[in-house]
2 protein chains.
Amino acid sequence: MYIHAVSHYLPTQVVGNEHFTQLNGLSSDWIIERTGILERRKAAPGENTNTMTIEVVKRLMEKTDLTTVDLIVGGTYTPYDTIVSIAHEAQHFLGIADIPTISISTACSSLLNAIEVVEGYFALNKATRALVIVSEHNTLYYNEKDTISGHLWGDGAAALLITKERQNEKDFDVKALITGGAAHTSKATTGVMMKPADGGVTMPHGRDVFINACQYMPKASLQVLEQCGLTLADVDYVLPHQANLRISRNVMNTLGLPEEKLISNIQYYGNTGCAGCAIALSEKWDTFKKGEHIVITVFGGGYSYGAMLVEV
Amino acid sequence: MYIHAVSHYLPTQVVGNEHFTQLNGLSSDWIIERTGILERRKAAPGENTNTMTIEVVKRLMEKTDLTTVDLIVGGTYTPYDTIVSIAHEAQHFLGIADIPTISISTACSSLLNAIEVVEGYFALNKATRALVIVSEHNTLYYNEKDTISGHLWGDGAAALLITKERQNEKDFDVKALITGGAAHTSKATTGVMMKPADGGVTMPHGRDVFINACQYMPKASLQVLEQCGLTLADVDYVLPHQANLRISRNVMNTLGLPEEKLISNIQYYGNTGCAGCAIALSEKWDTFKKGEHIVITVFGGGYSYGAMLVEV
């Protein structure tokens, strides 16, 4: 399984920390110290997960041919439409008939769960060229006046073409992928929630989310390395879910890896949910060098987690 | 791949057609003539897709052992929580650590898409015993005063244990399963929608949904029969998505099969979304006879479709 191309989209409106200083009395220094976030993007009126889906599909079409896509998997927990999902919107835009089309939510972990669903379709020989879209519109459902989490969220989307066979030398090789869930833990179903009809995004137990994210992302990272017979010495970059710069640094510390190997965009985009890692991968795509190993690891609400080892 | 056990749950409150006569001036005869629906169930205050998930899991535990479940896939387009999804809620309730846990939406087609995701995990050897939950809370998001679709919707849920290997002689054998999407058609993204933050469930182009459902369910049914080397003469029952009795009858007519072979519960539960077919399968489970062939076929908003051939 290979990642052939990636694209991303970020809304143009930049919301700086001063917005939350005025709104909630949170100083920019406090926000930066606690989260690493300097600014985030906010979708314009009329933008939503479906319009952002079309944007990233258009941008992916500039990089590669999508006319022969035979599977579409979308990921979002901030849906504009749960019936006409982002995957259906992409299929409609591309005009491709009769292919499996599915949208998922495992909260901020959906990127890796979506790719694992693709891996399954490839194993079944039911698909060979899959379009994966991750699109989050956190500001549709957040409460920006919430002093606990209002300042964390940003909007954005990304799209990836995943192929069963290598298309060319520049493809990124997915060497191992695991997903799991820690919903058995006591606060997994109350740590962070997104109830469309009952309060939107809330995070009553942010500390518990933080602790579990710091535990499960390194654990999953080590598991995929072991599956590939590699060690931490082989890792060139770690791309963790972009939830909080302190979580990302904690993951690097636990793994004993230097901060130069951390890929992070939360400073500029906030927590863009399941789109965060894919946006970062898209931004840095051209800077990776042949043979480098990237560990992408995620953790999300409901306490899903996962890790994927990619060889450039 | 086998269906080892099924359970279902229906809220206790029964809403008869007279409710919509009082509310919208629709006569019961008109509703019955147009949809076949006599009554439907409505979730009580405090009930939602997650609480119904726990109900069906409890009922499935009375039928079979769930302690060794190693994959959970949920399906819903009427989520109570998109972060703590129904799959996460089930994992939390069961207390099983570290298993893949994922929720999907392909509208009313999610049952078959969820089982196809399971099929993929089985092919990857990443799971062998999967819990599939389908849970819909249409009345959370519907507008009951909508004279076009308010009277159509009902609430309900079901759970299935799907296993890679046969557990015993009573298991139902999944002989073939296909899913597809017709989102390329012109009204696929506007026929029926569910926008949590913008009007809930609406059906501006019900006629287009009707026409495409009548076209794609027979087509998909014939495809799974062909994959198995079977013909329509081998079909004992057809269980179509429970959207409208006229659609179900149209599907039977197109296939040239008599109405005795139609399984239908829409009369009593309305359109319970992706849960409808699984509820019907659960209700009739003990009445099927060894060797019988059931075609389960679905069509949903965003114009996903699918068919599955099951041998009892």
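**Note on aromatic pairs**

1. At 5% relative accessibility, B:Tyr216 counts as buried; the model in which this value was computed is a predicted one. B:Phe299, the ring partner of B:Tyr216, is likewise classed as buried, because its relative accessibility is 3%, and the cut-off for that class is under 20%.

2. Over all chains the count of aromatic pairs comes to 12. Among them is the pair of B:Tyr216 and B:Phe299, which is stacked, with 6.2 Å from centre to centre and 15 degrees between the planes. This pair links distant parts of chain B, since B:Tyr216 belongs to helix α7 (residues 206-227) while B:Phe299 belongs to strand β12 (residues 293-299), and the two are 83 residues apart.

3. Where B:Tyr237 and B:Phe288 are concerned, the ring centres lie 5.5 Å apart and the planes stand at 75 degrees, so this pair is edge-to-face. Here too distant parts of the chain are linked, with B:Tyr237 in strand β11 (residues 237-240) and B:Phe288 in the loop between α10 (276-284) and β12 of chain B, 51 residues apart. Both B:Tyr237 and B:Phe288 are buried.

4. The ring of B:Phe288 also has a charged group over it, namely the charged end of B:Lys284, which sits 5.7 Å from the ring centre.

5. In chain A, ring pairs join A:Phe172, A:Tyr237, A:Trp285 and A:Phe288 into a cluster. Over the ring of A:Phe288, a member of that cluster, sits the charged end of A:Lys284, at 5.7 Å from the ring centre.

Methods. Residues numbered from 1 in each chain as written. Chains lettered and ligands numbered in written order. Predicted model: local features only at pLDDT ≥ 70, side-chain atom pairs only at ≥ 80, totals over all residues. Heavy atoms only, no water. Phe/Tyr/Trp six-rings, centres within 6.5 Å; stacked < 30°, edge-to-face > 60°. Helix = DSSP H or I, 4+ residues; strand = E, 2+ residues; numbered from the N terminus. Buried < 20%, exposed > 50% of the residue type's maximum accessible area, 1.4 Å probe, protein only. Lys NZ or Arg CZ within 6 Å of the ring centre and 35° of its normal.
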